[in-house]
Each structure stands twice: as C-alpha cells, then as structure tokens.
Amino acid sequence: MTKDKGFKIAGRVVLHIFLLIAVFISIFPFFWMLTGATNESIDITSGRMWFGSNLSENWANLRDTASVLRIAWNTISTTVIYTVLSVLICAMAGYGFEKFPSKGKTIVYGAFLFSMMIPFSAQMIPLFRMASSVNMLNSHIAIILPTIAMPFLVFFFRQNFQSYPTELIEAARVDGANEFVIFFRLVMMPMKSTFAAAAIYAFMKQWNNYLWPLIVIQTNEKKTFTLLLSSLASAYYVDYGQLMLAIVLATLPIIIVFLTMQRQFVEGITGSSK
C-alpha cells in the first residue's frame, strides 16, 4: 500500500466518522421526541432515552387538555389554503415581473424586495389595526391574508422564470392563446419542480407560524398547533409526556410533506425546468 493511498483511506474514514456524528446529532432530537411521547413526565425529566408504555395515557391527557382534532383541522385547513393561494399569487407576480414589459416594473420590484428587510415586529401593529378595522380578528382569514404575498417567493419565481424561453410565450400569443392559458398550461406544467419547492416553503412557513396567530387568535376553538404547544409549554405544571406527543403530531405532517417532495424541492431550488 502506497503512502498516498493510505492517506486517502484515512481521509475517507475521518469523513465517514464526521458524517455519522452529524447524522446522530441531527436525528437525536427526533428520537428523543418520539421516546418522550411514550414516557411519563418524570421519566423524561430524569433523562430516560428509550420507549415507554405511557403513550395511550399521554394521548388521553392531551385530548382532555385541548381539542386536538379541531386544532389539527384548523392548522391543516389554514396551511393548505395559504399554500395554494400564496404559490399562485407569487407565481403570477414573478411571471409578470419577468415576462411583461413595463417601464416602472424595476422600481416596483425593487420596492417589493426592500420590504423583505422590514422585520415583522414592525408590521404587527399596523396589521393588527387593519384586521381589527375590518372585523377579521379571531378568524383564520386574519392568519392567511397579511403574509400571503411573500417577497421571497416572488423573487424565487422570477429567477426561475428567467430560464423559461420567452419565444414559446410569444408564439402562443400569436396563435391566439390568452394569458391564463399560457400561464397555467404552457408555463406551469413544465415547471412543476419550481412550484413544488415554493409549495414546500410556503407550507412550512405557515405551519410553523406562531407570532401572528398568537396576536389575532383569541379563542381556543381557533387555535393552531403552534399555539397549543406554546400553551402546553407555558403552563404552571408542564406535562412533558403530552407536550412531546403534541410536538410529534405537529411535526409529522412537515416531515411527510418534505420526504414525499424532496426531489422536486431540490430540483426547484436549483432552478431546473423540465
């Protein structure tokens, strides 16, 4: 065995050890979350790291504490509606900024991107007053509407539409196709990966949305999972068993969505267009 070959083998061993450590660090919180959902609160606080037999009791306690099915429905419905509308609106905006000629679109686009630098904490009071003035407080519409047009997604779509050939759009216009037919049939279908990546981003953003729902939602019947987790974690007595179970229920949909669409997500982020 030559000296260079020995160095290569040693380097691969070190690399694999580093990757194994990184994988363990990444997976450990999920493993602890799953085992915690099956243990009693005292077992979790004492550091037990294996599965127990308290899952059914934790579920019963969680169900007695909150209406889990209603909260799940609230979260799923608001997230799905938000994802569909946000992707559609941002895609149309990005398409318009890129493919429609206009003298002032660069200024408008720059101002739109500038809004990304404004923290949400500076927007909360104006948004709250607007929602209150139109009687939208304590409604899921108030959660969905204020952030439905995300500057990042508009930027993301515009960057991807740059790689789409404008000649095809112009040819379709010459053939008499209207803009909606061009967008939904000619543009959207070949760019499924881009739309899938945007949908995953919007889904995760809304599913994990906490601060704005905390401000506008005022009754338990309208709560989402993030508000449920916050109330469980800030109670006078924290039952870590049911808290871990609630975290599992709140995390599983995100994991399922990402794992089923991870290929499209990666392709969309890298800007592929089939």
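## Packing of α8 and α11

Helices α8 and α11 are roughly antiparallel to each other, a term that applies to angles over 145 degrees, whereas angles under 35 degrees count as roughly parallel, 65 to 115 as roughly perpendicular and the rest as oblique. Their axes are 11 Å apart and the packing angle is about 170°. Axes here are lines fitted to C-alpha atoms, for helices over the stretch in contact, and angles run from 0 to 180 degrees between N-to-C directions. On the α8 side the contact (heavy atoms within 4.5 Å) is made by F152, L153, F156, F157, N160 and F161, and on the α11 side by T194, F195, A197, A198, Y201 and A202.

The model is predicted: local features need pLDDT of at least 70, side-chain atom pairs count only at pLDDT 80 or more, and totals for chains, interfaces and linings use all residues. Residues are numbered from 1 along each chain as its sequence is written, and side-chain values use heavy atoms, with hydrogens and water left out. Helices (H or I, at least four residues) and strands (E, at least two) are DSSP runs, numbered from the N terminus.

## Helix α8 and residue N160

Helix α8 is largely enclosed by the rest of the structure, because 8 of its 11 residues are buried. Buried means under 20% relative accessible area, exposed over 50%, and partly exposed in between (1.4 Å probe, protein chains only). The buried residues of α8 are P151, L153, V154, F156, F157, R158, N160 and F161.

N160 belongs to α8, which covers residues 151–161. This residue counts as buried, at 6% relative accessibility. A polar atom of the N160 side chain lies 2.8 Å from the backbone oxygen of F156.

## The nonpolar cores

The largest nonpolar core has 28 residues, of which F157, F161, V187 and F195 touch the most other members. Such a core is a set of buried Ala, Val, Leu, Ile, Met, Phe, Trp, Tyr and Cys residues joined through side-chain atoms within 4.5 Å. At least two residues of this core come from each of α4 (68–99), α8, α9 (166–174), α10 (179–187) and α11 (192–207). Helix α4 gives the most, with 6 residues.

Leaving aside residues up to four places away in sequence, F157 touches V87, C90, A91, G94, T194, F195 and A198. Another core, of 21 residues, lies apart from the largest one and includes V68, V238, A250 and I254.

## Helix α4 and its partners

The axes of α4 and α11 come within 9 Å and cross at roughly 135°; the two helices are therefore oblique to each other. Residues of α4 in this contact include T75, Y82 and V87, while those of α11 include F195, F203 and W207.

With α10, helix α4 packs at an angle of about 105°, the axes being 12 Å apart. These two helices are therefore roughly perpendicular to each other. In this pairing L88, A91, M92 and Y95 of α4 meet E179, F180, I182, F183, F184 and V187 of α10.

## The loop between α6 and α7

N135 is placed in the loop between α6 (124–133) and α7 (140–144), and N138 lies in the loop between α6 and α7. Phi is near 55° for N135, a positive value in a residue other than glycine, and near 60° for N138, again a positive value. Most residues other than glycine have a negative phi. N135 counts as exposed, at 72% relative accessibility, whereas N138 counts as buried, at 19%.

Definitions and conventions: Polar contact = N/O pair within 3.5 Å; in protein donor to acceptor, adjacent residues only side chain to side chain.
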